[in-house]
Amino acid sequence: TEWNVSVWGKRRAFTEHIHKLAELVEEKTDGAFTMNISYGGLSKNRENLDGISIGAFEMAQFCAGYHPDKNRAITVLELPFLGVQTLDEEVAVSHAVYDHPAVADEMAQWNAMMLMTSPMPQYNIVGTGEARSELSEFDGMRVRATGGIGQAFEAVGAVPTSVTSSEAYQAMESGVVDTVAFAQHAHLSFGTINEADWWTANLNPGTVNCPVVVNIDAYDMLSDEERAALDESVPEAIDYYLSNYGELLKRWDEVLAEKDVQKVEISDEELAKFKDVAGQPIHDAWIADMSAQGLPAQELYDLVQATLAEQRGN
Amino acid sequence: MTSTDIGLWVTGGMLVMVILGMRVAYAAAMAGFVGLIWIFWSKTGYAPDRFFYFNERREMWDGALGKAFLTAGQVPHGKVTNQALSLIPTFILIGYLAYYAGLTRALFEAAKRWIAWLPGGLAVSTVFATAGFAAVSGASVATAAVFARIAIPEMLKVGYDKRFAAGVVAAGGTLASLIPPSAILVIYAIIVEQDVGRLLLAGFIPGMFSAFVYAALIVGLALTIPNFGPPVTGFTWKQRFESLPPALPIVAVVVIIVFFVYNPFGGDAWGTPTEGGAIGAFIVFLMALWRGMRWPELKDALVETAKLSIMIFTIIWGVLIYVRFLGFAQLPKVFSDWITSLDYPPMLILICILLAYAVLGMFMDAIGMLLLTLPVVYPAVMALNGGEFVSAADSAFGMNGTMCAIWFGILVVKMAEFCLITPPIGLNCFVVAGVRPELSVQDVFRGVMPFFVADAVTIALLVAFPAIVLWLPSLA
Amino acid sequence: MAGAASVLEDDSLLSRLDQRLAKLEWGMAFVSGLGAFALMILAVRSVGGRELFEAPLRGYVDWIEMAMPLIAIFGISYVQRQGGHIRMDIVIGQLSGRSLWLLELVTTFFALVLMVFLVVGAWAHFDRSFDFAAQNWSRDSTIDIGLPIWPAKLVVPVAFGVVCLRMILQMVGFGRAFWLGLERPVAVPLVLSAAEQAQAEAEHMTGHDA
Ligand code: NA
Ligand code: NA
């Protein structure tokens, strides 16, 4: 069996688990099951789910925030200030939500099945000029942030501004925005770190959720041996991703020092204020909105909180 | 049959359709569509029941045919919504509005009063006026059409050879696609996924450089050929300065577009290229209103903008359906592996590629040529240099991957522009002959011949001294 | 208007249908042009709002995304009527009379087959983003301010549908010319030599020289 896998951009920390998965599967099946990973050749990134539904390719990665209406259920994972702090926690809550029947149903409409997540750290912001560490200082700030994170900043008076991720550096350099919210690897690969004077180390406003899915028909057509190889390789691939991203995070601190970027620690008091305005109210609005659309929103939300508590308990 | 074989057969079929005169957009889309069917069907081992298969559980076409039209059907909407592509209609609109704003005549008048005293002065003025208009026009053909009407009669009046006068305008028109804004540079940037702003910036110096090479050629000819075309003198300083204000909006637009991409004084740029193009258009729009453009003219400008934009976009999505198929067939990778396995010096291979473009461009339209070839040729050139992430020190051409993409882009666009003036299909020459009833197409081709030399020199220098191209973008 | 002269007209049914459709096509092309104009206004509003009032246009990128199919595709049939899509004419330019009409007929037929499939494919693309049961009928939304995408996706099959009508008319026109051996048939774009094409372009500029 040969699978086509559609991802986008360039090979980076964000796609390493897919390469690892391909490697493991090929090894375990003695080369009977191979994956051919294509960066943008098979689909546009925001249409990967469409491609899966057509059956043009068998596996793909996408991000929930690219098209919330295609995947309402998992947008719970992109709510601001959920309280996720580590990549391990991100994996745990993501996979718990992916296992929920409402998610499976929604994905089945696209003929897709969740395979694994691509855990992203919290989208902290880099900025130019004076560091902002108090809630009041975010008023009027122009920030490049999308989806739930954008809403959160809007709630505290900041002005979320539309630029694509590839224009983010340009926008920052030109003063179109004062700050940009990204995960660390994106601050590195889109160059926004080069313009930055400071970075919020612990604001942790939220992140985006980017699952890897497979086409259901293609999955069903795998031989038992191939399917087993695929399923049991997932944890290994995720572990590889985590250790690889861990290396990147270590390097991140060096980059900050090297470029003389100030690491802003926001006080607990200010963080609490932030969450009061931009956390719970947005969560409540999400629950109300999604419930009205017939999703078990409260259940999904509680599942996230419960999983997080359980993870902390360990 | 391997997917590479399928890729080659389908590509061959496309070329046949194109040569037979099928519209390039449809031929490419058709090739991509047939290719997708073929690839999807080959994955099922050509099972007969998998060609038209209908999946009842999903109420959906799941056979090779169905997957192909569902996949191809995503492309037109998906691809035209690329944000950078929104620059194309904007750049086209600027050109039409600039015409109604009277900027063309103002530029030519200013250039004449300031530099026509040189040997061959009126021809040199024409070159610099087209360069100035290039700063608001994104399309070469439109530029040539406009200046054929304004500049040729004046040159004939003072005794230029009519063929040479026509050649100057045909060649000068090509500057519009190097000097930003440029529709064709945007298209290149989209195909190769590079930063549009940097590429536009990179076109500026090579464009001006081309203009100076043209000017030098004209002065040289004027000095060696008797009765070539006399200098035009006698303008007072007062007259010279009076000619400037009407042409000033050009400067304003140039400054805005450049500053939106990159601030030469080291401060912040003013915005994004997308915004810069649109703000430039708005200024020209206000200017045109002030100069008497009213609803009928605006309506006309809008429909003409739509027509040219749609023509370009149709080729874009048509070819991208073919490119989507190439993605499944992995042809670009195979071709670039082959190129890098060749045992010749990389520079020699690059020169051969450029020569191939010169030959192809004799018969093809510039945009169609770039769209059809770049998906395969660009990865090969990048691989030749040592890959996307190569450092300058380890590379074959002495520049990192990003810079190589920019450099090759300018070279290819310059080649494409060269093709606009070479027989047998040289669109700029046709346009000039079309505007001037007294000139035949053969006349224009004869007149433009000296500029082949100038273009060859320019391209050779751009290849030999990449810094001409890369200096400006390396600052941004 | 440039190129308009290349389609002949008379009182026949075919030509009247052609002219009827042409009115619709002109309207659609005009909408495309207005879209380009709107793009310019959008940027002025975005930059102006940001620089002067600290109020950037929320969802600027999303609005561009919504406008682009209108600009780039909606008026496609207008260009098709005038034979404005780029092609190579080294072969077709040498032909005349019946052989020319036959080749035109054949290439138009293949283009029609392609466009019919693309109508189906583009419709399916729209249909995946559309759901009567969902909020705003939307099952696909833009990245920043969550606009429903289906209206923009609907533009494509609609525009392609009109092109199919146009191509059918042109096939009738070419077929008739082939059958009757006509010299200058109505309702089809007549092949202009590259030089004639340039002439048309030049004429368009005439009379507007400010
Ligand atoms: Na230009
Ligand atoms: Na040529």
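Let's start with surface charge: Glu130(A), Glu134(A), Glu137(A), Asp197(A) and Asp260(A) gather in a negatively charged patch on the surface. A patch here takes residues with over 30% relative accessible area and no salt bridge, joining like charges within 9 Å; a salt bridge would be a side-chain nitrogen of Lys or Arg within 4 Å of a carboxyl oxygen of Asp or Glu. Areas come from the Shrake-Rupley method with a 1.4 Å probe.

Before going on, please remember that this is a predicted model, where local features need pLDDT of at least 70 and side-chain atom pairs count only at pLDDT 80 or more. Residues are numbered from 1 along each chain, and chains are lettered from A.

Glu134(A) sits in the loop between strand 5 (125-127) and strand 6 (142-144) of chain A; strands are DSSP runs (E, at least two residues), and helices are runs of H or I, at least four. With a relative accessible area of 38%, Glu134(A) is partly exposed, meaning between buried (under 20%) and exposed (over 50%).

Now for some backbone geometry. Most residues other than glycine have a negative phi, and most peptide bonds are trans. Asp30(A), however, has a positive phi of about 55°. Asp30(A) lies in the loop between helix 1 (16-28) and strand 2 (34-39) of chain A, and is exposed at 72% relative accessible area.

Over in chain B, Tyr46(B) also has a positive phi, of about 55°, and is partly exposed at 32%. Finally, the peptide bond from Pro180(B) to Pro181(B) is cis, with omega near 0°, and Pro181(B) belongs to the loop between helix 8 (162-173) and helix 9 (183-192) of chain B.

Definitions and conventions: Heavy atoms only, no water. Patch = residues over 30% accessible without salt bridge, like charges linked within 9 Å, V, L, I, M, F, W, Y side chains within 5 Å. Lys, Arg positive; Asp, Glu negative; His and termini not counted. Charge placed at Lys NZ, Arg CZ, Asp CG, Glu CD. Buried < 20%, exposed > 50% of the residue type's maximum accessible area, 1.4 Å probe, protein only.
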